[in-house]
Amino acid sequence: MSDTFSIARLDAGDAGFPATLERLLDRGMATDQRIGGIVADIIADVRGRGDEAVLEYTRRFDPFPAEHMADLEVSRDQMQYALEQLPARQRQALEQAADRIRQYHERQGLQSWDYTEPDGSRYGQKVVPLQNAGIYVPGGKASYPSSMLMTAIPARVAGVGQIVAVVPTAYGPDGWLIFAAAALAGVDRLFTVGGAQAIAALAYGTASIPRVDKIVGPGNVFVTAAKKQVFGDVGIDMIAGPSELTIICDGETDPDWIALDLFSQAEHDEQAQSLLISPDAGFLDRVGQSIERLLPQMERADIIRQSLGDRGALIRVRDMEEAVNVSNTIAPEHLELSVADPDTLLQGITHAGAIFMGRYTPEALGDYCAGPSHVLPTSGSARFFSPLSVYDFQKRSSILYCSEEGADRLARIAEEIASDEHLQAHALSAACRYRDTGLT
């Protein structure tokens, strides 16, 4: 390995390990106040000037001399044309991935339900899809047609009325792939707008871009900051940070495979994080040697080198129980259980966005075609967020119907509790259903 690059070696048995791990995870990366200020100004500008502001920011941040908003919208016919013009090999891969993603998500979804009590009172839940959903598809260092499929297909399966997608301006073959993926996913409207300005436009609407009920999809730190700031005026799926992979390995998987798995996350960008946990110190050495030998052959070697050097680590643990404990502390976006018996380890995993079981399930398969959405919680938020799914595009209403007999019974309970809380009108509102309140 070069003199300027080394991947950290940590030992979970060291007294300072918890603090060292916390520094390595760096959970505060997406809270830069300077970025927050820039984003706040962009959002205010888009709210105030609408399309005009969106156009100006697009000209400033993307090399696209758009004169009108119409220049930034890709029609349904153009999406379909892009799909039809793809080489057969590319189209077949996208179609196969789309089919698998659709089949997986068709098994999800909440259903409306109710039950009736003996007195005739009825309670339940009504489940309906969102009317409008905004899909943010990232761009920048790479083009991600897979993200278009992984975000829009669950929305379409959920029955969303209108799917509006935004993506930073794309040119050439990469653009065609994005547009083709949008056609396959059933996107209704597509705009080549990115960054905080795209989030603001989706959140508040402009003359050209419809306001949506919820915004989903990953993006850079500006997109993440924008989603934080518009939350409350619009729903969001989660706060997404840089991509992460943690691998637990028993030392029996080919070290080259593990090195390439680590590379697959590191090549996303310099802030991505790839961690390997194993009780076998010799295996960690062999993986380090594989990294050294294979890295120069990678097209994105510079990005991988910085990512692994700044945020990667090879972590030695005492045993597999400790490996699981360290992983749960990390709460990774992606977790590979590259072991002989992954089901046994799975029982102890409490925090992970997606779990890849066994030696033959690299995270890369989940990125493209396995089926579950690859939009996952990052930065430790797997402790309380879940993967993007059909559930994100449905909302629930509680249903309450009291019969006269049921109201008589419940009103007595409600009156007592409301009186204890000194909320007179609440108590009387309940009481008048079963007795004369004495009010005149």
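# A guided tour of the predicted model

Residues are numbered from 1 along each chain as its sequence is written, and side-chain values use heavy atoms, with hydrogens and water left out.

Zoom out for a moment. Along the principal axes, the C-alpha atoms fill a box of roughly 90 × 60 × 45 Å. Of the 440 residues in the chain, 50% are buried; buried means under 20% relative accessible area, exposed over 50%, and partly exposed in between (1.4 Å probe, protein chains only).

**Stop 1: salt bridges.** The whole structure holds 20 salt bridges, each a side-chain nitrogen of Lys or Arg within 4 Å of a carboxyl oxygen of Asp or Glu. Select arginine 49 and aspartate 45, whose side chains meet at 2.7 Å, N to O. Both sit in helix α2 (residues 33-49), 4 residues apart, about one turn of the helix. Arginine 49 is partly exposed at 30% relative accessible area, whereas aspartate 45 is buried at 18%.

Next, select lysine 214 and aspartate 392, a salt bridge with its closest N and O atoms 3.6 Å apart. Lysine 214 lies in strand β8 (residues 214-216) and aspartate 392 in the loop between α15 and β15, so the pair ties together parts that are 178 residues apart in sequence. Both residues are buried.

Then try arginine 305 and aspartate 302, which pair at 3.1 Å, N to O. They are 3 residues apart in helix α12 (residues 301-311), about one helical turn. Here arginine 305 is partly exposed at 25%, and aspartate 302 is exposed at 61%. To finish this stop, show Asp45, Arg49, Glu52 and Glu56 together: salt bridges with shared partners join them into one network.

**Stop 2: two loop residues with positive phi.** Most residues other than glycine have a negative phi. Select serine 379, with phi near 55°; this residue is in the loop between α15 and β15 (394-401) and is partly exposed at 31%. Now move to histidine 422, where phi is near 60°. Histidine 422 lies in the loop between α16 and α17 (424-431) and counts as exposed at 71% relative accessibility.

**Stop 3: a nonpolar surface patch.** Select Leu410, Ile413 and Ile417, which form a nonpolar patch with about 250 Å² of accessible area together. Patch residues have over 30% relative accessible area and no salt bridge; like charges are joined within 9 Å, and nonpolar side chains (Val, Leu, Ile, Met, Phe, Trp, Tyr) within 5 Å. Accessible areas come from the Shrake-Rupley method with a 1.4 Å probe, and for residues only the protein chains shown count as cover. Isoleucine 417 belongs to helix α16 (residues 404-420) and is partly exposed at 46%.

Draw a C-alpha to C-alpha distance from alanine 53 to valine 74: they are 21 residues apart in sequence and 19 Å apart in space.

Terms used: Predicted model: local features only at pLDDT ≥ 70, side-chain atom pairs only at ≥ 80, totals over all residues.
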